[in-house]
Amino acid sequence: MSFFPDSFFNTLQVYKHKLKRKMTGAIALKPVSKPKGHALLSYVTHPFTITKFELDKTPHTNPFECLIIANVLLERGYAVDVIDWTNSHFVPKKQYSIVIDVNQNLERLTPLLPENCVRVFYIAGAHWSYQNKAELKRLRELKNRRGCILEPRRKMNPSNNIEYADYTTALGNGFARETYSYSGKNIIDIPLLSTVVFPSPQHKNFQEVQKNFVWIGGGGAVHKGLDLTLEAFSRMPDYQLTICGPTATENDFVTCYHKELYNTPNIKLVGRIDVRGEQFKKIINGAVGLVYPSCSEGQAGSVITGMHAGLIPIVTHESGVDVEPFGIKLRTATVEEIIDSVKKISALPVEELKKRAITTWDYAQEHHTKEKFKSAYASFIDTIIKENKL
């Protein structure tokens, strides 16, 4: 299956895209034949201004999602203009048939669009109000447990996009969709893709690694449950935890958890890591599971990456990933529940660990690939085209 036309990464084309973006704030893409209409994609423009080599080094899924969506529209004969979702100055000058926005541009653009333009809200995370409250709740709970006062790092600005959308998709298994249920809109779940794949874990020595776990995440350590994970493993000296993420950049968190991060023998802080690199391969080959008690996601890319690596997941429902029966879904995400879940996985027979790891890997291979993402989103776009006779 073709994901991106070669022209996306042609050196001359990349230069033209950079120049066009600088001059107009938009990237202009044309289909092979005469356009049947125009589409506007409000997401990210940078993947159209980098080389294929640079793209392959990108850890986040956003660039790949944007490229695939643009290509789906091109394959259906639409000329596509791409702007950044943060662009608050772009003024439509074309008669767009479809507009897709990931954040809050639908509200601003709606008065400027043709009446028959189909407006699509691309939900990439939980509702802004839910997410903000969830993070603040975690921060309050941390203050009550340890007396540390930390600033929120995953705060979202208010958005009324859902109110202006004719069609809506949500990344994930239903959690993000649930936070928008008040709207009464029909929201289609789209499975998150993975930027990296790994060989089957069938040859891993599970007897050696059955007490070794990893936490993988981006910014917002408390939001993503690293505080809870650290407290759990600090009480389990016989179990190993490796932390992969930019935790050291959050000074207030480091101050609060300095002992756990730097002076606890069974906890190792690796920091930001290239998930395609040899160091990460060594880490996942030396671990049995992934712990990720996040309080709010669309669908957690770090969990998907871990599952592609065959790591048995211990995650919250709010991670947006289906993990049962091969993994464990945390119900309360307390330190005690994390401890119980880690010990439960580690206590399984070696053959059961191997079975669960392979099942985890199989599930990721079946549900979370670029092919699966493209197929699901293409089907969604085809529905829009058919229902609106575009």
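This is a predicted model: local features need pLDDT of at least 70, side-chain atom pairs count only at pLDDT 80 or more; totals for chains, interfaces and linings use all residues.
**Entry 1: Asp382 and its partner**

I looked up Asp382 and found a relative accessible area of 35%, so this residue is partly exposed. Next I asked which residue forms a salt bridge with Asp382. The partner is Arg76, and the closest N and O atoms are 2.5 Å apart. I then checked where the two sit: Asp382 is in helix H16 (residues 370-388), while Arg76 is in the loop between helix H3 (62-75) and strand E3 (78-84). The pair links distant parts of the chain, 306 residues apart.

**Entry 2: the other salt bridges**

I wondered how many salt bridges a search of the whole structure finds. The count is 18.

I picked Arg146 and Glu260, whose side chains meet in a salt bridge at 3.0 Å, N to O. Arg146 belongs to helix H5 (residues 128-146) and Glu260 to helix H11 (residues 258-262), so this pair ties together parts that are 114 residues apart in sequence. Is Glu260 buried or exposed? Glu260 is buried, because its relative accessible area is 7%. Arg146 has 32% relative accessibility and therefore counts as partly exposed.

I also noted a network here: salt bridges that share partners join Glu75, Arg76, Lys374 and Asp382. My pair from the opening entry, Asp382 and Arg76, belongs to that network.

**Entry 3: around Arg119**

I moved on to Arg119, which lies in strand E5 (residues 118-123). Arg119 forms a salt bridge with Asp166, with the closest N and O atoms 3.3 Å apart. Asp166 is in the loop between helix H6 (161-164) and strand E6 (167-171), and the two residues are 47 residues apart. Asp166 counts as partly exposed because its relative accessibility is 39%.

What else does the side chain of Arg119 reach? I found the backbone oxygen of Tyr164 at 3.2 Å. The Arg119 side chain also makes a polar contact with the side chain of Thr110, at 3.4 Å.

**Entry 4: the sheet that holds E5**

I traced an open sheet of seven strands in the order E1-E3-E2-E4-E5-E6-E7, with mixed pairing. Strand E1 (26-29) and strand E7 (187-190) stand at the edges; each has a single partner strand, so one side of each lacks a neighbour in the sheet. Neighbouring strands here are turned by 20 degrees against each other on average, direction ignored. I looked at E5 and E6 in particular: they pair in the parallel sense over four bridges. Val120 stands opposite Tyr167 in E6.

**Entry 5: the six-stranded sheet**

I found another open sheet, with six strands in the order E10-E9-E8-E11-E12-E13 and parallel pairing. Which strands stand at the edges? They are E10 (267-269) and E13 (328-330), each with a single partner strand, so one side of each is left without a neighbour in the sheet. Strand E8 (residues 212-216) pairs with strand E11 (residues 289-292) in the parallel sense over two bridges. The bridge partner of Val214 in E11 is Leu290.

**Entry 6: a nonpolar patch**

Last, I looked at the surface. Leu12, Tyr15, Leu19 and Met23 make a nonpolar patch of about 460 Å². Leu12 is in helix H1 (residues 11-24), and it counts as exposed because its relative accessibility is 51%.

Conventions:
Residues are numbered from 1 along each chain as its sequence is written. Side-chain values use heavy atoms; hydrogens and water are left out. Patches are made of residues with over 30% relative accessible area and no salt bridge: like charges are joined within 9 Å, nonpolar side chains (Val, Leu, Ile, Met, Phe, Trp, Tyr) within 5 Å. Accessible areas come from the Shrake-Rupley method with a 1.4 Å probe; for residues, only the protein chains shown count as cover. A salt bridge is a side-chain nitrogen of Lys or Arg within 4 Å of a carboxyl oxygen of Asp or Glu. Buried means under 20% relative accessible area, exposed over 50%, partly exposed in between (1.4 Å probe, protein chains only). Two strands pair if DSSP finds at least two bridges between them. A polar contact is a pair of N or O atoms within 3.5 Å; within protein, one must be able to donate a hydrogen and the other to accept it, and residues adjacent in sequence count only if both atoms are side-chain atoms. Axes are lines fitted to C-alpha atoms, for helices over the stretch in contact, and angles run from 0 to 180 degrees between N-to-C directions.
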